[in-house]
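The sequence and structure come first.

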Amino acid sequence: MKAFFSEEQLLHEPQQFMRLGRLCAPTDLPARAETLRAMLQSRGISVENPPDFGRAPLEGVHSNEYLDYLEHAYTRWQALRGSGLEPGMEVLPNLSPYYNGRVEHAARGPCPSTSIVAETGYYLSDLSCPIGPHTWRSALRSTHNAVAAADWVLQNDGLAYALCRPSGHHAHRDRAGGFCYLNSSATAAHRLSQTWDRVAVLDVDAHHGDGTQNIFYQRSDVMTLSLHADPTAYYPFYTGYAHERGYGSGHGYNLNFPLAHGADNAVFLEALDNALIALRDYRPQALVLALGFDTYKDDPISVLRLDLDAYRHIGERINSLGLPTVVVQEGGYQVDSIGRALDAFMQGMAAVPA
């Protein structure tokens with residue numbers, strides 16, 4: 001098994017995010033990545049620094065206007081100091097332009113205004129994605145792990161793990177959300193789809209992979225499946241429902257499995273088994289697993305109740321598929337537990353001894 005991680009991912013240090021009307025201390029801390037890397041190293045798994053691929057691999061999943069915004073937003077924001085902005089303040093939106101959240105319509109065009117204030121409201125969908133001085137570089141290098149892992153799988157089959165942080169599955173084609181700026185899972189899937197005709201993305205994070213769904217909603221060459229807490233009263237709220245099946249040529253290639261809040265191992269694994277039936281029917285040639293540990297019962301923002309043993313069972317089921325697999329790390333904010341969760345998953349995948 002190969003694993004990839006860049007030290008530059010640790011540079012992103014958000015100072016705040018909004019939750020229930022209150023600015024809170026951040027939960028997407030650099031310590032998340034450090035804990036996961038330490039677990040890999042303790043198991044003798046070498047963690048390689050990915051090549052710098054630049055922006056090119058992202059252009060298949062994100063608009064150029066959005067990438068331009070993310071790359072330059074912080075510098076442009078600091079130029080607003082004459083408006084009373086304190087030096088070093090993070091970029092956050094104060095506008096909410098109308099967007100109905102539905103994914104079957106044609107993609108939005110670029111922001112009609114060139115104001116950095118307007119673009120921030122247009123390209124940042126919520127207050128959980130502050131942009132600091134190193135956010136662009138950290139997010140870019142996070143996606144490079146996914147590209148490197150995909151390239152390794154293309155050349156060797158087998159299993160590769162991308163230790164991505166910041167996470168990515170809430171990043172749409174042209175907007176950030178839910179701690180996510182660039183969609184690493186989608187980038188890996190798109191990379192694989194340049195060689196293989198059928199690729200599947202299976203998302204087992206606690207939250208619906210709305211960005212990934214948005215990116216592939218009209219494509220049949222990438223099937224997207226997501227297991228997640230019922231979004232009726234949980235982020236991302238507007239998508240993740242069972243009736244969302246894809247649009248146009250992508251109809252039937254998007255499946256959601258919303259779970260009742262409080263769902264435990266048995267409920268989650270039953271839903272996973274059902275998802276895997278559909279996945280096998282699709283007959284993908286490769287798999288991207290968007291792996292989140294915010295399903296853990298003690299995670300500070302989870303409403304599901306999985307214990308550590310669940311991740312071993314998830315690993316066993318993914319391993320049984322026998323597919324070339326890129327594992328992309330998504331959420332998981334209980335720093336004291338995510339290393340053990342990854343270890344349990346790797347045991348199930350037979351990547352490390354039990």
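## Salt bridges

R43 and D343 form a salt bridge through their side chains, with an N to O distance of 2.8 Å. A salt bridge here is a side-chain nitrogen of Lys or Arg within 4 Å of a carboxyl oxygen of Asp or Glu. R43 lies in the loop between α1 (30-42) and β4, and D343 lies in helix α9 (residues 335-348), so the pair ties together parts that are 300 residues apart in sequence. Over the whole structure, the search finds 17 salt bridges.

This is a predicted model: local features need pLDDT of at least 70, side-chain atom pairs count only at pLDDT 80 or more, and totals for chains, interfaces and linings use all residues. Residues are numbered from 1 along each chain as its sequence is written, and side-chain values use heavy atoms, with hydrogens and water left out.

## The sheet

Eight strands make up an open sheet with parallel pairing, in the order β4-β1-β5-β10-β9-β6-β7-β8. Helices (H or I, at least four residues) and strands (E, at least two) are DSSP runs numbered from the N terminus, and two strands pair if DSSP finds at least two bridges between them.

Strand β1 (residues 2-4) pairs with strand β5 (residues 159-162) in the parallel sense, over three bridges. A3 has Y161 of β5 as its bridge partner.

## Helix contacts

Helix α4 (residues 135-156) and helix α5 (residues 184-193) have axes that come within 8 Å and cross at roughly 30 degrees. Axes are lines fitted to C-alpha atoms, for helices over the stretch in contact, and angles run from 0 to 180 degrees between N-to-C directions. α4 and α5 are therefore roughly parallel to each other; angles under 35 degrees count as roughly parallel, over 145 as roughly antiparallel, 65 to 115 as roughly perpendicular and the rest as oblique. S142, T143, A146, V147, A150, D151, V153 and L154 of α4 contact S184, T187, A188, R191 and L192 of α5, where contact means heavy atoms within 4.5 Å. The contact of α4 with α5 comprises seven nonpolar, four polar and two charged residues. Ala, Val, Leu, Ile, Met, Phe, Trp, Tyr, Cys and Pro count as nonpolar, Asp, Glu, Lys and Arg as charged, and the others, Gly among them, as polar.

Helix α2 (residues 64-78) packs on helix α3 (residues 116-123) at about 130 degrees, with the axes 10 Å apart. α2 and α3 are therefore oblique to each other, and α2 passes α3 in a left-handed crossing. The residues in contact include Y69 and W77 of α2 and V117 and Y123 of α3. In the contact of α2 with α3, seven residues are nonpolar, one is polar and three are charged.

## Backbone exceptions

Most residues other than glycine have a negative phi, and most peptide bonds are trans. The peptide bond from R165 to P166 is cis, with omega near 10 degrees, and P166 is in the loop between β5 and α5. F179, found in the loop between β5 and α5, has a positive phi of about 75 degrees although it is not a glycine.

The peptide bond from Y235 to P236 is also cis, with omega near 10 degrees. P236 lies in the loop between β7 (222-229) and β8.

Note on methods:
Left-handed = near helix turned anticlockwise from the far one by under 90°.
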